[in-house]
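Q: Hi! Could you walk me through this one while I have it open on my screen?

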Amino acid sequence: MTDNTADRPVVVGVDGSEASVAALRWAGEQARALGTGVLAVHAWEPAVGLAPYAPASGRPTPAEQREAAAGLLASAVREAFGARVGTGVHAVLVEGPPARVLLRQARGAALLALGRGDHGRWDMPALGAVGRECLRHAPVPVVTVPVPERAAAPLRSVGGAFSHSGAA
């Protein structure tokens, strides 16, 4: 069976993290191999969690929140592809819960790519709640892309933050 992916993009969830930028880069390479495009998707929701007694002037407006989300998406796309983004890369900003938005955008796609952080140590999941939800319900194959490994940073002294008394 042959599967024509030319008109089915590689959808990528973008949250601004290093892992999502790695997923964007991977998606660009995969899209070239498949002869299709990349659809970079950032889902944003109005900020919640501010104290109800916080002054209204301290709360960002929905327009400001949307502008910040658009800036995050544009920055991630530039970081992944450089200043000259090809015509095969499209960025979409959608208001809504991230998992629901990504699953909706992935309908009819070639596949869905998600960044996978390196926090899979110490019995913690390498994928967050959005990634797990996408893995459970995606209508297309899902690829999780890890952050590329870098040389370990040298240990640095914390300059007297510890006591020499032996007390913990």
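**Fold and details**

A: Happy to! Starting at the N terminus, the elements of the protein follow the order β-α-β-α-β-α-β-α-β. Helices (H or I, at least four residues) and strands (E, at least two) are DSSP runs, numbered from the N terminus. This is a predicted model, where local features need pLDDT of at least 70, side-chain atom pairs count only at pLDDT 80 or more, and totals for chains, interfaces and linings use all residues. Residues are numbered from 1 along each chain as its sequence is written, and side-chain values use heavy atoms, with hydrogens and water left out.

Q: How many helices and strands is that?

A: Four helices and five strands.

Q: And in what order do the strands sit in the sheet?

A: The order is β3-β2-β1-β4-β5, in an open sheet with parallel pairing. Two strands pair if DSSP finds at least two bridges between them. β3 (89–95) and β5 (142–146) are at the edges with a single partner strand each, so one side of each has no neighbour in the sheet. On average, neighbouring strands are turned by 25° against each other, direction ignored.

Q: What joins β2 to β3?

A: Seven bridges, with β2 (residues 38–44) and β3 running parallel. Trp-44 stands opposite Glu-95 in β3.

Q: Which strands does helix α3 lie across?

A: Helix α3 (residues 98–106) lies across β1 (10–13), β2, β3 and β4 (111–116), at about 155° to β2. For the angle, axes are lines fitted to C-alpha atoms, for helices over the stretch in contact, and angles run from 0 to 180 degrees between N-to-C directions.

Q: Switching topic: is Gln-65 buried or exposed?

A: Gln-65 is buried, at a relative accessible area of 13%. Buried means under 20% relative accessible area, exposed over 50% and partly exposed in between (1.4 Å probe, protein chains only). Gln-65 belongs to helix α2 (residues 62–81).

Q: What does Gln-65 touch?

A: Not counting residues up to four places away in sequence, Gln-65 touches Trp-44, Glu-45, Pro-46, Ala-47 and Pro-60. Contact means heavy atoms within 4.5 Å.

Q: Okay, and where does Ala-22 lie?

A: In helix α1 (residues 18–34). Ala-22 counts as buried because its relative accessibility is 8%. Leaving aside neighbours within four places in sequence, Ala-22 is in contact with Val-145, Pro-146, Val-147 and Pro-148.

Q: Last one: what share of the protein's residues is buried?

A: Buried residues make up 30% of the 168 residues.
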